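This report describes the surroundings of a ligand, a set of aromatic ring pairs and a few individual residues. The sequence and the model come first.

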Amino acid sequence: MNSNGRVALITGISGQDGSYLTELLLTKGYVLHGLAPYLRYGLPVDPRVTFHPCDLSDASNLSEILDQAQPDEVYHLGAQSHVKLSFEIPIHTVDVTGLGVLRILEAIRQFQNRSGKQVRFYQASSSEMFGQAVESPQNERTPFHPRSPYACAKVYAHWQTINYREAYGMFACSGILFNHESPRRGEAFVTRKITLAATRIKLGLQHELRLGNIDARRDWGFAGDYVEAMWLMLQQPEPDDYVIASGGQHSVREFLDEVFGCLDLDWKKYVVIDPAFYRPAEVETLLGDATKAREKLGWKPRVALADLARMMVESDLELARREAAAARAV
Ligand code: GDD
C-alpha cells in the first residue's frame, strides 16, 4: 500500500489495541511511530513502525519524539490498564494513566506552537469511568462514578482531554471504550485468562482455574472492531467524545459457559473461586449505548461474543498444542 502522506504516532504500541491499530493504519498507508516503555513485555512491534522508547511517567523525550515524527494524528493508548493492579500500585497508575495524558497533551500543545501543525489527538477513555453507574445502558451523558485508582485516573485524563479541546481549540477526542478482547489480550484480563486456562485444561496442561467475582457483567466486544472507531473519530470535521460498545451484556459465568462449551468441558469442575482475585471495590455491571457512534461515525461492531470466544479458544488451543508438543519433546 502506498503512503497516504500522513503520519500517526501510537502510544502503547506493544499492547493489544496498539497492535490492531498498527495493522489498520498500515493498510491505510500511514507512516507510523510507536511508543512503549518496556518492549519485552508486550506484543512484537511491526518492523515498519519507527519505535521510540518512552515511559509515560517520565516523558522527558516526548518533545524530541514529536519533533522527529511530525505526527498528524496521535493515538494515546498507553496506560497501566489493569484495574485490580491499580489498587496495589495506585500512585504509579495515576502517574502513568492520569498524568501521562497531561504530559502528552502539553507536549502536543507546545509542538503545535513550534511547528504550526494541527495534531489530531485520541484519548483512550474507559467504561470503567462509569463504575457504579447511575443508569443502564451508559452513554456519553451518563455521570461518572469511578471505583478504582485506575478509573479515577481515567476520569482525570478524560476531563483533561476535554479541557485542552476547550481551552486551546485542540482537535482532541475521547473514545469511551467498553471491554474489548481478542487473542492478543493480556493474560491477566478475565477473558484471556479463561481461554488460556480452558485450552490448557483440555490438553491436560492445567487442572484448575482460580477466579474472583464471576457474577460481574460486562459489555465485551472485539478489539479489532474497536480500533476502527478510534480512527473514525479522528477523521470527523469536529472533535467529540463517543461511547464504543457492543450493546450486549454477559456475566463472567456466561463467558465461561461459552468458552468451556467450545471445548466440550464443564467449567464447574475446574473453576475455584479465590478471594485473591476480588477487588476492594467492584464494578458489578456495565452496558454501553453506542448510538452516537453508529449515527455519527457509521461505526458498528462486527464480531459477536460467541464468535469472539471461539476465535480466542482456537488461538489459545494452538498455543496449548505447541506447549504440549514442546513438553513431549523434552
Ligand atoms: N482480571 C480478572 N481476573 N478479572 C476477574 C477475575 C480474575 O481472575 N475473576 C473475575 N473477574 C472479573 C473482574 O472482577 C471484573 O469484574 C471482570 O471480571 C472483568 O475484569 P477484567 O477482564 O480485568 O477487565 P475490567 O473490566 O476490569 O477492565 C478492562 O476493561 C476496561 C474497559 O474497557 C481493562 O481492559 C481496562 O483497562 C479497561 O478500561
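In which strand does Y75 lie? Y75 lies in strand β4, where helices (H or I, at least four residues) and strands (E, at least two) are DSSP runs numbered from the N terminus.

The model is predicted, so local features need pLDDT of at least 70 and side-chain atom pairs count only at pLDDT 80 or more, while totals for chains, interfaces and linings use all residues. Residues are numbered from 1 along each chain as its sequence is written, and side-chain values use heavy atoms, with hydrogens and water left out.

**Ring pairs**

Rings of Phe, Tyr and Trp (its six-membered ring) pair if their centres lie within 6.5 Å; planes under 30 degrees apart count as stacked, over 60 as edge-to-face and the rest as tilted. By this rule there are eight aromatic pairs. In one of them, the ring centres of Y20 and F222 are 5.5 Å apart and the planes stand at 80°, so this pair is edge-to-face. Y20 belongs to helix α1 (residues 16-27) and F222 to strand β10 (residues 221-222), and the pair links distant parts of the chain, 202 residues apart. Y20 and F222 are both buried, a class that means under 20% relative accessible area, with exposed over 50% and partly exposed in between (1.4 Å probe, protein chains only).

The rings of Y75 and Y122 have centres 6.2 Å apart and planes at 40°, so they form a tilted pair. Y75 is in strand β4 (residues 73-76) and Y122 in strand β5 (residues 120-126), so the pair ties together parts that are 47 residues apart in sequence. Y75 is buried, at a relative accessible area of 0%, and Y122 is buried, also with a value of 0%. Elsewhere, ring pairs join F130, F144 and F178 into a cluster.

**The ligand and its shell**

Around the ligand there are 26 residues, of which S81, S126, Y150, R279 and E282 come nearest; a residue is near a molecule or strand if one of its heavy atoms lies within 4 Å of it.

| Residue | Distance to a ligand oxygen atom |
|---|---|
| S126 | 2.6 Å |
| N179 | 2.8 Å |
| K193 | 2.8 Å |

On its own the ligand has 720 Å² of accessible area, and the protein covers 96% of this (Shrake-Rupley method with a 1.4 Å probe; for residues, only the protein chains shown count as cover). The elements giving two or more residues to the shell are α6 (190-202) and β8 (209-211).

By residue class, the shell divides into 12 nonpolar, seven polar and seven charged residues. Here Ala, Val, Leu, Ile, Met, Phe, Trp, Tyr, Cys and Pro count as nonpolar, Asp, Glu, Lys and Arg as charged, and the others, Gly among them, as polar. The shell draws at least three residues from each of domain 1 (7-182 + 221-244) and domain 2 (190-217 + 249-283 + 304-329), with bounds from an automatic or database domain assignment.

**Two loop residues**

Q80 lies in the loop between β4 and α3 (83-88) and counts as buried at 10% relative accessibility. Its side chain makes a polar contact with the side chain of T93 (3.1 Å). A polar contact is a pair of N or O atoms within 3.5 Å; within protein, one must be able to donate a hydrogen and the other to accept it, and residues adjacent in sequence count only if both atoms are side-chain atoms.

Q70 is in the loop between α2 (62-69) and β4 and counts as partly exposed at 30% relative accessibility.
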